[in-house]
Amino acid sequence: MSEQSPQGAARPLINAKDIGIYRDGRWLIRHVDVTIQPRQIVTLIGPNGSGKSTTARTALGLLKPDEGHVHQAPSLTVGYVPQSLSIDWTLPLTVKRLMRLTARPSAGDIAGALERVGIPHLGDAAVQTLSGGEFQRALLARAIVRAPDLLVLDEPVQGVDFSGQVAIYDLIRQIRDETGCGILMISHDLHVVMADTDSVICLNGHVCCHGSPESVLESPEYLQLFGKRAAETLAIYRHHHDHAHGPDGQILKTHQGDHRHDG
Amino acid sequence: MMDDFFMRAMVAGIGLALMTGPLGCFIVWRRMSYFGDTMAHSALLGIAFSVLFDIDLMIGVFAVAALIALLLLLLQRRGTLSTDALLGILSHSTLALGLVMVAAMPWVRIDLTGLLFGDILAVSRLDIVAIYVGGAAVLGLLAWLWRPLLAATVNPELAAAEGLKPDRARLLFMLLMAGVIALSMKLVGILLITSLLIIPAATARRFSPTPESMALLAAGFGAVAVALGLFGSLELDTPSGPSIVVAALVLFLISLAAPRLHKAQAKRAIEKGHR
């Protein structure tokens, strides 16, 4: 399972070139390139309104670009983990039923996926009773039970406490290693970016900078967009030595300030 | 058996409840009860147009309700007024327009009370055929639409990303609602249609572990409410449409007293896991 054929490098899952979306007299995004290979983790970061979601939706083929073009691998299966959603109490939904929302997995596959994300005991629990971290894991299990070629995660750790965030990032990396799927992550929470990210695309209507997490962190465009203070508090999470990002409390305490955009 | 007006009312009402139960679940889940009300209120405008252009009432009501749904989608896209305000405008202006148009046509005799509150005891055999054939079509379409609609209810972005076309599901669902309103208007009346959609679904919630069981239970509770309401109206000589709604309300109130099955189950599952 862990070794995938090398053809992936030649055939990207998604190749969006120079895409632009024009709405109500302005370009929401313009001249944006996104390429995702199998086994590759690509992270889109940027403040709210910077066009992260628009970029992701266009790359997924849900919006027709007004400029540029998008190529998808044929019969691409997408697994989507939405941004912290709340499910109305009126909708009775157990974790197992959630898993069958868009696919028809076998009971064994469901059990396997729940086991994989570490919540094998919660299959019969109503989703409304789960904690933030448990619910994110359930959503992740729902996405991977589809055996996706591409996993799309929109703010996967929102509403999860810091140690939980680290665990979920670990899980995402493991899933990538085991299944060989490509991963597109969307994040406006700049405080933790996965070190395993192969490519960071920093957006502000256009691509303001891109590259490895380290190079983006040092680029002047990034500093200008998010401010020096934000850059200083950004922690690149490394899964083998998590002491590197300093005292946890200090990092979490830096949420106030003008660079923080909630909602 | 069908010669008896009471039996006809019973058969028609139960047929209606089987359709409104599952559909009503989606209205509750998607928080669309005000939207349902708006479409129901537009039915009077549909009747006025049907009379004016001499077309079948059900077709006229369906067409106008569907148009109102499309109009709402268009206005929502412009994004100037909130959906809440738009619904308020559409709901009462279509009702008022319908009332004005009906009054402006003195040559037609329309039983306004019957339209507003329904007249289930006047149901004909043809109406019963329409309800069962139309109802089967509505339920068939809903079953076909179930997966994308449920996924879109949980999260439209998720449904879209995984290829389930949530916008199309939503549009078809609105057309289904227009169909149900056209089919049920004669029986329970314009002002009471949404209660048959919402109250049985709300009653079923506490006893349902899955969306599917909630839909089935809602249909069952609706049918029981129809039966109780009709017998009650016979016994107490009360108007039948409102009596059915009161019966549904009584069932709902009883359900509130019942223990929360679902919560208890969920707790147990969690406790088991954390052992």
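Which residues does A:Val152 touch, not counting residues up to four places away in sequence?

Analyst: This is a predicted model, and what follows should be read with that in mind. Leaving aside residues up to four places away in sequence, A:Val152 touches A:Ala56, A:Leu60, A:Val78, A:Tyr80, A:Val81 and A:Leu184 of chain A, and also B:Ala161 of chain B. A:Val152 belongs to the largest nonpolar core, a set of 158 residues, and is named there together with B:Ala65 and B:Ile181 as having the most contacts inside the core. The element that gives the most to this core is helix H8 of chain B, residues 166-188, with 13 residues.

Helix H8(B) also has a packing partner that can be described in some detail. Helix H6 of chain B, which spans residues 125-154, packs against H8(B) at an angle of about 160°, the two axes being 9 Å apart. Because angles over 145 degrees count as roughly antiparallel, H6(B) is roughly antiparallel to H8(B), and their crossing is left-handed. On the H6(B) side the contact includes B:Ala130, B:Ile131, B:Gly134, B:Gly135, B:Val138, B:Leu141, B:Leu142 and B:Leu145, while on the H8(B) side the contributors include B:Ala169, B:Leu172, B:Phe173, B:Leu176, B:Gly179, B:Val180 and B:Leu183. Among the other residues making this contact are B:Asp127 of H6(B), and B:Arg170 and B:Lys186 of H8(B).

As for the chains around this part, chain B contains 12 helices and 0 strands, whereas the secondary structure of chain A comes to 8 helices and 11 strands. Chain B has a radius of gyration of 19 Å, which agrees with the value near 19 Å that a compact globule of 275 residues would have, and its C-alpha atoms fill a box of roughly 75 × 50 × 30 Å along the principal axes. Of the 275 residues in chain B, 48% are buried, and for the 263 residues of chain A the buried share is 45%. Contacts in chain B with a separation of 6 or more are accounted for to 73% by residues 24 or more positions apart; in chain A, 69% of the contacts between residues at least 6 apart in sequence join residues at least 24 apart.

Notes. Residues are numbered from 1 along each chain as its sequence is written. Chains are lettered from A and ligands numbered from 1 in the order in which they are written. This is a predicted model: local features need pLDDT of at least 70, side-chain atom pairs count only at pLDDT 80 or more; totals for chains, interfaces and linings use all residues. Helices (H or I, at least four residues) and strands (E, at least two) are DSSP runs, numbered from the N terminus. The radius of gyration is taken over C-alpha atoms; the globule rule is 2.2 Å times the number of residues to the power 0.38. A residue is buried if 20 or more other C-beta atoms lie within 10 Å of its own, exposed if 12 or fewer, and partly exposed in between; C-beta atoms are placed from the backbone. Two residues are in contact if their C-beta atoms, placed from the backbone, lie within 7 Å. A nonpolar core is a set of buried Ala, Val, Leu, Ile, Met, Phe, Trp, Tyr and Cys residues joined through C-beta atoms within 7 Å. Axes are lines fitted to C-alpha atoms, for helices over the stretch in contact, and angles run from 0 to 180 degrees between N-to-C directions. Angles under 35 degrees count as roughly parallel, over 145 as roughly antiparallel, 65 to 115 as roughly perpendicular and the rest as oblique. A crossing is left-handed if the near helix is turned anticlockwise from the far one by less than a right angle, and right-handed if clockwise.
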